[in-house]
Amino acid sequence: MLHNDGRTHAGRSRHSCGGVGRNVADALIKLGMENTRLISVVGHDEYGKIILEGLGAGGKTVKRMSDVNTARFTVIVDVNGECYFNVSEMESFAAIAPELIKERQSHLEEASIIVLDGNTPLDTMRCVLDIASQANVPGK
């Protein structure tokens, strides 16, 4: 039983790459849609490196930045495996701005499909949708 009184609890941890957008892009690439592109940012840290290596060419539109940490989501589960609470570190998604999209526009226009995380600002989503619509993505 977890006690919320400041004590230290013995446990185990594991790390895995995740995030809805990253997971969708990774699955599409593994299913053969190699021209899938994920729009995101990662930090210049170990987690960012792992994500970019895992995506291969799908990460061409992911920007690695030294002034942000790669987004993380930590789930604390109880002895039954049920979520007790979680900690979300998603500040890096604020850096996914229209300027970043325009930097990567040529890669987006050539993509078979574009994956954009839903945590991005609305003006960024509009920018991506405009580019996709003009380039007929998906649809080639």
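Which residue just after helix 2 takes a positive phi? That's Gly56, with a phi of about 55°. Keep in mind that this is a predicted model. The chain has 140 residues, and 33% of them count as buried.

**Overall layout**
- You're looking at five helices and five strands, and from the N terminus they come in the order α-β-α-β-β-β-α-α-β-α.
- Along the principal axes, the C-alpha atoms fill a box of roughly 55 × 30 × 25 Å.
- Take the contacts between residues at least 6 apart in sequence: 55% of those join residues at least 24 apart.
- UniProt lists residues 9-137 as "domain: Carbohydrate kinase PfkB", in an unreviewed entry.
- Over that stretch, residues 9-137, the chain is 36% helix and 22% strand, with the end C-alpha atoms 49 Å apart.

- Three strands make an open sheet, ordered 2-1-5, and the pairing is parallel.
- Strand 2 and strand 5 (113-116) are the edges, each pairing on one side only.
- From one strand to the next, the twist averages 20°.
- Strand 1 and strand 2 are joined by four bridges; Val41, for one, has Lys63 in strand 2 as its bridge partner.
- Helix 1 lies across strand 1 and strand 5, and runs at about 140° to strand 1.

**Nonpolar cores**
- The largest nonpolar core counts 17 residues, and Ile39, Ile96, Ile101, Leu108 and Ile114 have the most contacts inside it.
- Strand 1 (36-43), helix 3 (98-103) and helix 5 (122-135) are the elements that each give two or more residues to this core.
- Helix 5 supplies the largest share of the core, with five residues.
- Apart from this core there's another one of nine residues, including Ala25, Ile29, Leu38 and Val62.

**Helix 2**
- Helix 2 spans residues 46-55, and its buried residues are Gly48, Ile51 and Leu55.
- As for what the buried residues of helix 2 pack against, the partners are helix 1 (20-30), strand 1 and strand 2 (62-65).

**Phe93, a loop residue**
- Phe93 is found in the loop between strand 4 (83-89) and helix 3.
- Is Phe93 buried or exposed? Its relative accessible area is 8%, under the 20% cut-off, so Phe93 is buried.
- Not counting residues up to four places away in sequence, Phe93 touches Ser40, Ala71, Asp117, Asn119 and Pro121.
- One of those, Ala71, is 22 residues from Phe93 in sequence, while the C-alpha to C-alpha distance in space is 7.6 Å.

Methods. Residues numbered from 1 in each chain as written. Predicted model: local features only at pLDDT ≥ 70, side-chain atom pairs only at ≥ 80, totals over all residues. Heavy atoms only, no water. UniProt positions renumbered as here; feature names shortened; annotations may be inferred. Core = buried A, V, L, I, M, F, W, Y, C linked by side-chain atoms within 4.5 Å. Buried < 20%, exposed > 50% of the residue type's maximum accessible area, 1.4 Å probe, protein only. Contact = heavy atoms within 4.5 Å. Pairing = 2+ DSSP bridges. Axes fitted to C-alpha atoms, helices over the stretch in contact; angles between N-to-C directions.
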